[in-house]
Amino acid sequence: MSAPGENLKINGDRLWDSLMDMAKIGPGIAGGNNRQTLTDEDGEGRHLFQRWCEAAGLSMGVDKMGTMFATRAGSDPDALPVYVGSHLDTQPTGGKYDGVLGVLAGLEVIRSMNDLGIKTKHPIVVTNWANEEGARFAPAMLASGVFAGMHSLDYAYGRKDMDGKTYGDELQRIGWLGAEDVGARKMHAYFEYHIEQGPILEAENKQIGVVTHCQGLWWLEFTLTGKEAHTGSTPMAMRVNAGLAMARIIEAVQVIAMENQPGAVAGVGQAKFSPNSRNVLPGTVVFTVDLRTPDQGKLDRMRAAIEAKAAEIAAELGVGCSVEAVGHFDPVTFDPTLVARVRKAAEDLGYSHMNIISGAGHDACWAAKVAPATMIMCPCVGGLSHNEAEEISKEWAAAGADVLFHAVVETAEIVE
């Protein structure tokens, strides 16, 4: 396979201008974006992306989950396409780059190929996966999960937002219900370019993250049942304190995560007390433990240890305890050939790079179930993401897009 010459790069200014133009749709209140899945703003962003794709000579397909597939034809009609993409939806207080960079960098790869007159044997498809964030309709990575056979279409259509609106109804309402069967497409390879969403690349002063693995994850939702009682008049020895049980379980989660170092994380980011009054001991506490590691055995052991310790703590305090797994995916090892191709592209282009494990879930995790897949990462300032203050530099964005350009075109095979 031949690759573009080392002097060939994407148009970094054009990529940056596209990022800034997309960020004008669904602006946040503090410099970021609020373009949640299947909102009017999501629909507007989709239309802009479609116009850009059509201007670049791409044909657009949309599946029954609302995922967009923009195709540049290859010279061999029987060759499977090389896919590249990410997502355009954001968190309610999201940044301008999470997901969006990967979609628009994919488009920039096509624009640069057009500029340079590069033709390939394999088609190239730029993809905007629907509902990657899961902020409005849980779980995250929903459309790519249906594509990979992890969820049924009926399950996805039935997901509800906080107002009780369903995914299926909202998809139809904004006019992006496609006709294609989900998962019918076959892939030669899948590439995803993303900001790191962590501090490692910036701290190590590296321009490119060569992503070798994606962490596995469990979200464990605990429901603790105590006894509502007055905080001032109930003796300490007579309390059935679900809040105290939660505090001790959170400490146990920390201990178990530290016992499983290196390469494991766990914590609690969401909790709800009921009745949530300052002078009433809670009758019910619901909270979610998020645990992640790229090691399958360690992931399973940590889940078992946390559930066992929680049951023990609850029993000691006389508190009821139930647990439900509300999110999960196994660790992913990305395709070694594609990983090596990304690394070589970074080396050939003279960009500093390092191997990295993705701490967050991405559509590439589900794509890897059905095709060879890998990811490329660029730094983000302070490791900050899922925050309106999320920031990257134009130079970082362009460097990763250059690596993407070379890896994708080499995989799609240049036709002389």
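L38 is buried, with a relative accessible area of 0%; buried here means under 20% relative accessible area, exposed over 50%, and partly exposed in between, with a 1.4 Å probe and protein chains only. Its place is the loop between helix 1 (12-23) and helix 2 (40-55), and its phi is near 65 degrees, a positive value in a residue other than glycine. Helices (H or I, at least four residues) and strands (E, at least two) are DSSP runs, numbered from the N terminus.

This is a predicted model, where local features need pLDDT of at least 70 and side-chain atom pairs count only at pLDDT 80 or more, while totals for chains, interfaces and linings use all residues. Residues are numbered from 1 along each chain as its sequence is written, and side-chain values use heavy atoms, with hydrogens and water left out.

- Some background first: most residues other than glycine have a negative phi, and most peptide bonds are trans.
- Like L38, N131 has a positive phi in a residue other than glycine, and for N131 the value is near 50 degrees.
- N131 sits in the loop between strand 4 (124-128) and helix 4 (142-147), and at 1% relative accessibility it counts as buried.
- Q261 and P262 are joined by a cis peptide bond, with omega at about 0 degrees; look for P262 in the loop between helix 8 and strand 9.
- Another cis peptide bond links S274 and P275, with omega at about 10 degrees, and P275 belongs to the loop between strand 9 and strand 10 (280-281).

**Helix 10 and its buried side**

- Helix 10 (residues 336-349) has 14 residues and reaches 20 Å from its first C-alpha to its last, close to the 20 Å expected at 1.5 Å a residue; the expected span is 1.5 Å times one less than the number of residues.
- Its buried residues include L338, V339, R341, V342, A345, A346 and L349.
- These residues cover an arc of only 160 degrees around the axis, which puts them on the same side of helix 10; the arc is that of the directions from the helix axis to the C-beta atoms.
- Among the elements covering them are strand 5 (189-195), strand 6 (208-214), strand 14 (353-358), strand 15 (373-378) and helix 12 (394-412).
- Zooming in on one of them, L338 counts as buried at 4% relative accessibility.
- L338 touches A189, Y190, F191, P372, A373, T374 and T411, not counting residues up to four places away in sequence; contact means heavy atoms within 4.5 Å.
- L338 and E324 are 14 residues apart in sequence, yet 36 Å apart in space, C-alpha to C-alpha.

**Helix 3 against helix 12**

- Two packed helices are described by the angle between their axes and the distance between the axes.
- For helix 3 (residues 100-116) and helix 12, the axes come within 9 Å and cross at roughly 60 degrees; axes are lines fitted to C-alpha atoms, for helices over the stretch in contact, with angles running from 0 to 180 degrees between N-to-C directions.
- Helix 3 brings L101, A105, G106, V109, M113 and L116 to the contact, and helix 12 brings A397, A401, L404, F405, V408 and V409.
- The residues of this contact divide into 11 nonpolar, one polar and no charged; Ala, Val, Leu, Ile, Met, Phe, Trp, Tyr, Cys and Pro count as nonpolar, Asp, Glu, Lys and Arg as charged, and the others, Gly among them, as polar.

- The 18 residues of helix 8 (residues 242-259) should span 26 Å at 1.5 Å a residue, and the end C-alpha atoms are 26 Å apart, which agrees.
- A242, G243, A245, M246, I249, A252, V253, I256 and A257 are the buried residues of helix 8.
- They pack against strand 7 (216-225), strand 9 (265-274), strand 11 (284-293) and helix 9 (296-317).
- A245 is 73 residues from G318 in sequence, with 9.3 Å between the two C-alpha atoms.
- G318 itself lies in the loop between helix 9 and strand 12 (320-329) and counts as exposed at 52% relative accessibility.

**K186, an exposed loop residue**

- K186 is in the loop between helix 6 (167-173) and strand 5, and it is exposed, with a relative accessible area of 54%.
- Leaving out residues up to four places away in sequence, K186 touches L80, P81 and Y83.
- K186 and Y83 are 103 residues apart along the chain, and their C-alpha atoms are separated by 9.6 Å.
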